[in-house]
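Student: I would like to learn how to read a ligand shell and the sheets around it. Can we go through one model together?

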Amino acid sequence: MTAAVDGRPGVRGRLTMRGEPAYEEARVGRVFNARRPDRYPAAVLEAADAEDVAAGVRLAIERGWTVSVRSGGHSWAAWSVRDDALLIDLGALRSLSYDESTGVVAAGPATKGGEELAPYLAARGRAFPGGHCPSVGIGGFLLQGGQGWNGRLNGWACESIVAIDVVTADGELVRADATQHADLYWAARGAGPGFPGIVTRFHLQTYAKPAAMWHDTWTFALDDAEAVIHWLHAVLPTLDRRVEPVMAATRLPDVPLHEGVTHPGGTVLLLHATCMADSDEEARALLAGLGDCPVAGRELGHVTAPTSIEEENAAQAGQNPEGHRYAVDCAWTDAPAETLAPLLLDIWRGLDTEHSFSIWYGWAPTRELPDMAFSVEGNVYVATYLIYSDAADDARYRSRVHAQTAAIARDGGVGVYLGDTDFTARNDRFLSPAHHARLEEIRGARDPHGRIASYLTSDPAGLNVHA
Ligand SMILES: Cc1cc2nc3c(=O)[nH]c(=O)nc-3n(C[C@H](O)[C@H](O)[C@H](O)COP(=O)(O)OP(=O)(O)OC[C@H]3O[C@@H](n4cnc5c(N)ncnc54)[C@H](O)[C@@H]3O)c2cc1C
C-alpha cells in the first residue's frame, strides 16, 4: 500500500509502510554508507513539498510515531533510520532560487552542496562554503555546522544561514531568523540531529566567486610524516585564513610524483593546501606562506597549480566512493605536534584498504563564534575514514577507528564535529556545556513530547560528555 493509510491519505507524497515491497529501498536506498543499520521505521514518507512535511508530522502525531528526517542521506551512522518512526524523506525538496538584490539563495534541504548548489551559484558569479564532498546534502551539513570550502575564511557554513523555513514538532510551518522564532534559528546553527523541527528551506548568504583558486600539493613517504607534522604545527598560526592546509594519509595511487619516482606502495602522506584569492599571483604568494618544508628534497612529488572547486570536488568524490562500508570518527585537538604525531602515525600506519584515509586539517580558530548552538572547535581537526566492502569486517574496523580516535580525544582532544561522528560507538562533546543546556531548554519547549527523533546514541547519559 502506498499513498494512503487506512484510507486516510493526509499526505501527498509516497507513503510506504513497513512490510510493503518498496519499503527496503525507501528505508535505506538513499543512505550513503553501505553499512546499513538494523533499525526499522514504521513507515517512510517521501514528502512532496513543505506542506506535505507538515502533513507528515500531523500523521505521526495521530499515529503516535516519532519523526526522523533525511535530506541527503550522508550521515555516517544513518541517523535518519530510526525504529518505529515515520521517516520523512526530503529528497524531492531541492529547489533553488537566487535573489540578486541580496545575494541570498533559497535552497531545498536535499540540495547537494557540490553537485547542485555550487554550479547554480557559479553560473551567477557566486559561491557558498558547501561540503568538500560534492554529494553531501545541505540539510544535515548546515544543521551540524558545515565544514566547507574556504571555511577558515568564511567560517562554518551555518554562519551564512540568514533564515530557515521550518515545520515545527506540532506540524506548523514557520519562518525562523534573527527576529522571529529566534530560538529555532539559534538551534539550527549547530544542533545537527538534535534540531527540534524539520527545515524545508534554507536562505543562505552567498559570496562573490573567488577569481583564483590554487593548490600546493606535496607527496611524502610516511617515514617523513613526523617532520611534516611538526612543520605544519609551527606554521599554522601564521597562515593566512584563505589557505586551507590538509594532510591526508592515503593509499590511492593517483598522487603527485616527480618524474622518475615510483609510488612506494601502501600509504603515503599528501599535504594538500588550497587557497582562494583575488588573483593567481595573490594565491601563489599566500601559499608560499607555508614556508620552507624541512624535508624538501625528500618529497616524492610536488605540484603548485591552479585548481577549481569542481576539480577538488571530483578528487573528494574519488576518495569517498559510493557503495562501500564506512567506519568513521573524528576529534578536535589542541595537542602539540609531539603529542599528536605518534597518535596520527599509529592511525596512518594501520590503514590497510585501498580507499581508507585519515586527515589532519589545520583549522586554528582565531575569533569568537557568533551566538549559535555550534560551539566546539579546536586547533586541528583529525578524521579517519576506514572504507571496506565486507560486512564481516564491521566490528574490526569500527572498534579500531573509535579506539584510535579515543586516544587522540584523551590526550589534548577538545571534542568532536558532529559530521564525522557515530555516537552508537563513541560519545564526545560537540556543544559547549552552556550551549547544550540551552539547546535542551529549546528542545523541551518546542518538542515537549519528543516527537522529532534526537541524537542517536547507545549511551544517552554520556551524550555531549568529553571523557
Ligand atoms: C562522503 C561524505 C563526505 C562528507 N564531507 C563533509 C564535508 O566536507 N564537510 C562537512 O561538514 N561534512 C561532511 N560530511 C558529513 C555530512 O555533512 C553529514 O553526514 C551530514 O549530516 C550530511 O547531511 P545529509 O543531509 O546528506 O544527511 P542526512 O543523513 O540526510 O541527515 C542527517 C541528519 O540530520 C538531520 N537533518 C537533515 N536534514 C534535516 C532537515 N531538513 N531538517 C531537520 N533535520 C535534518 C536529521 O537528524 C538527519 O537524520 C560528509 C559525509 C560524507 C558521507
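Student: Which element gives the most to the shell around the ligand?
Tutor: Helix α4 gives the most, with four residues. Helices (H or I, at least four residues) and strands (E, at least two) are DSSP runs, numbered from the N terminus. The elements that give two or more residues to this shell are β3, α4 (138-143) and β10 (197-205).

Student: What should I know about the model itself?
Tutor: It is a predicted model: local features need pLDDT of at least 70, side-chain atom pairs count only at pLDDT 80 or more, and totals for chains, interfaces and linings use all residues. Residues are numbered from 1 along each chain as its sequence is written, and side-chain values use heavy atoms, with hydrogens and water left out.

Student: How many residues surround the ligand?
Tutor: A residue is near a molecule if one of its heavy atoms lies within 4 Å of it. Here 32 residues surround the ligand. The closest are V69, S71, G73, H132 and Y417. By class, the shell has 14 nonpolar, 17 polar and one charged residues. Ala, Val, Leu, Ile, Met, Phe, Trp, Tyr, Cys and Pro count as nonpolar; Asp, Glu, Lys and Arg as charged; the others, Gly among them, as polar.

Student: Which atom of S71 lies 2.7 Å from a nitrogen atom of the ligand?
Tutor: A polar side-chain atom. For V69, a backbone N or O atom lies 2.8 Å from a ligand oxygen. For G72, a backbone N or O atom lies 2.9 Å from a ligand oxygen. The protein covers 96% of the 960 Å² of accessible area (Shrake-Rupley method, 1.4 Å probe) that the ligand has on its own.

Student: Now the sheets. What is the strand order in the sheet of four?
Tutor: Strands of a sheet pair through backbone hydrogen bonds, either parallel or antiparallel. Two strands pair if DSSP finds at least two bridges between them. This open sheet runs β1-β2-β4-β3, with mixed pairing. Its edge strands are β1 (14-17) and β3 (66-70), each pairing on one side only. Four bridges join β1 to β2 (43-46), and these strands run antiparallel. L15 has L45 in β2 as its bridge partner.

Student: Which helix packs on that sheet?
Tutor: Helix α2 (50-63) does, touching β1, β2, β3 and β4 (85-89). Contact means heavy atoms within 4.5 Å. The direction of α2 makes about 175° with that of β4. Axes are lines fitted to C-alpha atoms, for helices over the stretch in contact, and angles run from 0 to 180 degrees between N-to-C directions.

Student: And what is the order in the sheet of five strands?
Tutor: The order is β5-β6-β10-β8-β9, an open sheet with antiparallel pairing. Its edge strands are β5 (96-99) and β9 (173-176). Four bridges join β6 (104-107) to β10. A106 stands opposite H203 in β10. Helix α3 (113-122) packs on this sheet, touching β5, β6 and β10.

Note on methods: Polar contact = N/O pair within 3.5 Å; in protein donor to acceptor, adjacent residues only side chain to side chain.
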